[in-house]
Amino acid sequence: MSIIEKQFQLIIKHFDQSLSEPELKEFDSLIENSGEFRNEVKIMEDIIDSSAAFHRAEEFKYIKEKFTEFDLESKRKPKSRILRRYFAMAASVTIILVVSIFYFQNPGFDAQKAFIENYELFPVKSSVRNTQKKLFPGIEYYKQGNFQEAIPLLEQYSKDDIVNCLYLSNAYIETGNFQKAESTLNKFIPKIDDRIIKRYGIWYLGLSLLAQNKIEDAEGQFLLLAEEKGPFHKQSKVLVEALKSR
Amino acid sequence: MELSDEHLRELYSYRPSCVSYLRNKTNCEQDVAENLFIEAVIDLVKTKNKEEFSQIREKKTFLIRTCYNHWKRMYYAKKRDLKQEDNIAMYFYDYKVNRSPYDVDEYTIEEERLSTILNVLSHLGDKCKKIIRFFYYEKKSMPEIAEIMGFKTPVVATSAKYRCLKQLREKVGSYQQGISPIN
């Protein structure tokens, strides 16, 4: 390492996003004027990125080994004939019981399945690049499917932007935060003037409710879409019928 | 967050349905689907803390969606030029785990430098590995790291992290000049 200690400190602070104003100025000036400094920043960027990849791969390896262990365990388990017969009978009785209870409570409708079958990510339009430059980093992560990184950036700029609210709520859905998606949409839907965008908002709100098994609330949202022609009219009609016949 | 065997078993029980969903939707191979399921498990573990974990009812839905997202990401990555971070991650899979679901052959990667960094990382002391893991991978804050690792204050933890990164950088430099990083 040929750069001086102070410059190295600046680089680390840059990656930790903890540079003060004067330090930021110094950093920018070094980036502009020193090839050696630029090279050092690149090396540290590689080191930090690689360390995340390294730890993820370690975790991947650990979980894969565990799952292989579970696979072997389930194959090895000794089961006597009597035990097997007993378990088979018990399982049949349980299945009949569960299916009947489920059928009488909720006949013919699986909210999770309906959610999975109907949910598609809100697409990013190419015009976003020019009109929403501030959101660009968030949208880029969103487009890559990296929702964890996209969320904080989208949250930062989502106060007044209606379309951004749809990106943000979809990012919440993709990361399993259905409650946050619900509250974001509930907050923004009344502010939407555009009829088409509003329908998108209602659709995703309905799906977030469905994913949380809030079936009556979800039905209310789908009913709004089923009553009027427009995007999601057909899907909502099918869902409302399924929900009504449950 | 480290998962207990009990939690891992619970997630493992969702594997058959997630894998079959993904295979039906994308026509991908069984081992690709299983690897993507593990990626989704890692995401779930990273997203939720221990308290939240036992409260999530929609784990299966989360896993199915995330598997599918990983597949989409992999599919589109194959179609266009990869970004640097993808290159590193994919290179690492190929180099270290050697069971990558991704195809890395067609991309140009700064192999030598990355190979050096990964080699040095694998030889780093446990304490440094942990600090770097907690901060850059698990995105924990310095006060949290100080508490977990028993540092007196977050400032002490920050200095320790700085020393680890400096050590890492020096070892990468030495390694590139032909000196073993272990020494």
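**Helix packing, up close**

A: Let's start with chain B: going along its sequence, the pattern is α-α-α-α-α-α-α-α-α-α. That comes to 10 helices and 0 strands. Keep in mind that this is a predicted model. Chain A has 13 helices and, again, 0 strands. From its N terminus on, chain A runs α-α-α-α-α-α-α-α-α-α-α-α-α.

Now for the close look, which is at a pair of helices in chain A. Helix H9 of chain A covers residues 162-174, and helix H10 of chain A covers residues 178-188. Angles over 145 degrees count as roughly antiparallel, so that is how H9(A) and H10(A) lie to each other. As for handedness, H9(A) and H10(A) make a left-handed crossing.

Who does the touching? On the H9(A) side you'll find A:Ile162, A:Cys165, A:Leu168, A:Ser169, A:Tyr172 and A:Ile173. They meet A:Phe178, A:Lys180, A:Ala181, A:Thr184, A:Leu185 and A:Phe188 from H10(A). By class, the residues of this contact split into 9 nonpolar, 2 polar and 1 charged.

The largest nonpolar core has 50 residues, and the members that touch the most others are B:Cys18, B:Leu22, B:Phe37, B:Val41, B:Leu63 and B:Cys67. Although those six are in chain B, H3(A) is the element that gives the most to this core, with 10 residues. Setting aside neighbours within four places in sequence, B:Cys18 is in contact with B:Phe37, B:Leu63, B:Ile64 and B:Cys67. A:Ile173 sits elsewhere: a second, separate core of 40 residues includes A:Tyr142, A:Tyr167, A:Ile173 and A:Leu243.

H3(A) turns up again where the two chains meet. There, 36 residues of chain A are in contact with 41 residues of chain B. Helices H1 (5-15), H3 (35-76) and H5 (111-118) of chain A each supply at least two residues to the side that touches chain B. H3(A) has the largest share of that side, at 22 residues. Sorted by class, this side of chain A has 19 nonpolar, 9 polar and 8 charged residues.

One more spot in chain A deserves a stop: A:Leu207, in helix H11 (residues 195-211). Anything with 20 or more other C-beta atoms within 10 Å counts as buried, so A:Leu207, with 30 of them, is buried. Not counting residues up to four places away in sequence, A:Leu207 touches A:Phe115, A:Asn118 and A:Tyr119. The C-alpha atoms of A:Leu207 and A:Ala218 are separated by 6.9 Å, though the two residues are 11 apart along the chain.

Finally, some whole-chain figures. Of the 246 residues of chain A, 33% count as buried, and for the 183 residues of chain B the figure is 35%. Take the contacts in chain A between residues at least 6 apart in sequence: 46% of them join residues at least 24 apart. In chain B, residues 24 or more positions apart account for 52% of the contacts with a separation of 6 or more.

Definitions and conventions
Residues are numbered from 1 along each chain as its sequence is written. Chains are lettered from A and ligands numbered from 1 in the order in which they are written. This is a predicted model: local features need pLDDT of at least 70, side-chain atom pairs count only at pLDDT 80 or more; totals for chains, interfaces and linings use all residues. Axes are lines fitted to C-alpha atoms, for helices over the stretch in contact, and angles run from 0 to 180 degrees between N-to-C directions. Helices (H or I, at least four residues) and strands (E, at least two) are DSSP runs, numbered from the N terminus. Angles under 35 degrees count as roughly parallel, over 145 as roughly antiparallel, 65 to 115 as roughly perpendicular and the rest as oblique. A crossing is left-handed if the near helix is turned anticlockwise from the far one by less than a right angle, and right-handed if clockwise. Two residues are in contact if their C-beta atoms, placed from the backbone, lie within 7 Å. Ala, Val, Leu, Ile, Met, Phe, Trp, Tyr, Cys and Pro count as nonpolar, Asp, Glu, Lys and Arg as charged, and the others, Gly among them, as polar. A nonpolar core is a set of buried Ala, Val, Leu, Ile, Met, Phe, Trp, Tyr and Cys residues joined through C-beta atoms within 7 Å. A residue is buried if 20 or more other C-beta atoms lie within 10 Å of its own, exposed if 12 or fewer, and partly exposed in between; C-beta atoms are placed from the backbone.
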